Amino acid sequence: NDQYAVIGNPIAHSKSPAIHGRFAAQSGQRMEYQRLLAPLDGFALCVSAFRAGGGKGVNVTVPFKLEAFALATRLTPRAQVAGAVNTLKFDDENILGDNTDGIGLVSDIVRNAGVSLENKRILLLGAGGAARGVLLPVLSERPSELVIANRTVSKAQQLVELATAHKQGEVLISACEWSQLSGKFDVIINATSASLSDEVPPISGDLFAAHTLAYDMMYGAQMTSFLRFAQSQGAVLRDGLGMLVEQAAEAFYLWRGVRPETAAVLADMRHALE
Ligand code: ATR
């Protein structure tokens, strides 16, 4: 059987083996998928040992996505713009680096939540790795406007420059301070890590309309602080569990050329979380 793995530190909590195990069983792919704990200073060695043992590809998680980017000998455009890699695919000569996080987010919003991003006004909260990772896939959906807001405004401005260099069609792209945000947004995506400390970016509740999709890339047994705030404003809520499953599906497709069915897997992951 072909060998795959997820590499991170820590890694024990990773749900990727369960998700890929389900995809493999469902599609009849003969493969195995394990967790690998790499030492903090031993990512490249861990990858090369796994590859030397016949490994065909790996998913990469915290804190190694930048090292994976550096290790890749070829990069997909979305990985290039993301500046980070969450999926490596090995062949005889090359290590292909991809980033499936952004397309995972977009698939979860468009297909699973049934919300088109085309011609929509989108607010992206945060300007770290998670925010950068979704730029190209979000822009590919042809929104009318993308506003990026971040605690450190200069970082939002940098992402605006990057996004502007890769925009398609007539999309308005701007950076904004929390307090200067105005109007209603169709989709508000929380790509900050504020929820980890139970904090919420200090945005006005007036940015939410009843149809606004509030999306938190984080998820957990409890609703995140951002989603609780969005709920108090009457918005439509979605956490990042679907993004997790969809980014895995894209990695599976890259490796195996088969698109897994995600709905039942997502439902089971949700059940297991509760
Ligand atoms: P990740 O890979 O999760 O994006 P990161 O690159 O460290 O991690 O980025 C974290 C993001 O969350 C940043 O946008 C950060 O804002 P700054 O750029 O100003 O540091 C944002 N963030 C973290 N804690 C926050 C908080 N309590 N309130 C608002 N934004 C926060």
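Two residues are in contact if their C-beta atoms, placed from the backbone, lie within 7 Å.

## Basis

This is a predicted model: local features need pLDDT of at least 70, side-chain atom pairs count only at pLDDT 80 or more, and totals for chains, interfaces and linings use all residues. Residues are numbered from 1 along each chain as its sequence is written.

## Ala38

Ala38 sits in the loop between β2 and α2 (43–52). Helices (H or I, at least four residues) and strands (E, at least two) are DSSP runs, numbered from the N terminus. Beyond its neighbours within four places in sequence, Ala38 is in contact with Ile7, Asn9, Phe43, Cys46 and Phe64.

Is Ala38 buried or exposed? Ala38 is buried, because 23 other C-beta atoms lie within 10 Å. The cut-offs: buried means 20 or more other C-beta atoms within 10 Å of the residue's own, exposed 12 or fewer, partly exposed in between, with C-beta atoms placed from the backbone. Pro63 is 25 residues from Ala38 along the chain, and their C-alpha atoms are 10.0 Å apart.

## The sheet

Six strands make an open, mixed sheet, ordered β2-β1-β3-β5-β6-β4. Strands pair if DSSP finds at least two bridges between them. β2 (31–37) and β4 (74–75) are the edges; each has a single partner strand, so one side of each lacks a neighbour in the sheet.

Helix α9 (residues 241–256) packs on this sheet. α9 touches β1 (2–8), β3, β5 and β6 (95–98), and its direction makes about 10° with that of β5. Axes here are lines fitted to C-alpha atoms, for helices over the stretch in contact; angles run from 0 to 180 degrees between N-to-C directions.

β3 (residues 55–60) and β5 (residues 87–90) run antiparallel, joined by three bridges. Gly57 stands opposite Lys89 in β5.

## Two domains

The domain assignment (automatic or from a database) gives domain 1 (2–99 + 242–273) and domain 2 (102–239). Their C-alpha centres lie 25 Å apart. Domain 1 puts 14 residues into the contact, domain 2 puts in 18.

On the domain 1 side, α4 (77–82) and α9 each supply at least two residues. The largest share, five residues, comes from α9.

## Around the ligand

The shell around the ligand has 16 residues. Gly128, Gly129, Ala130, Arg151 and Thr152 come nearest. Helix α6 (residues 129–140) gives the largest share of the shell, three residues.

Definitions and conventions
Near = placed C-beta within 6 Å.
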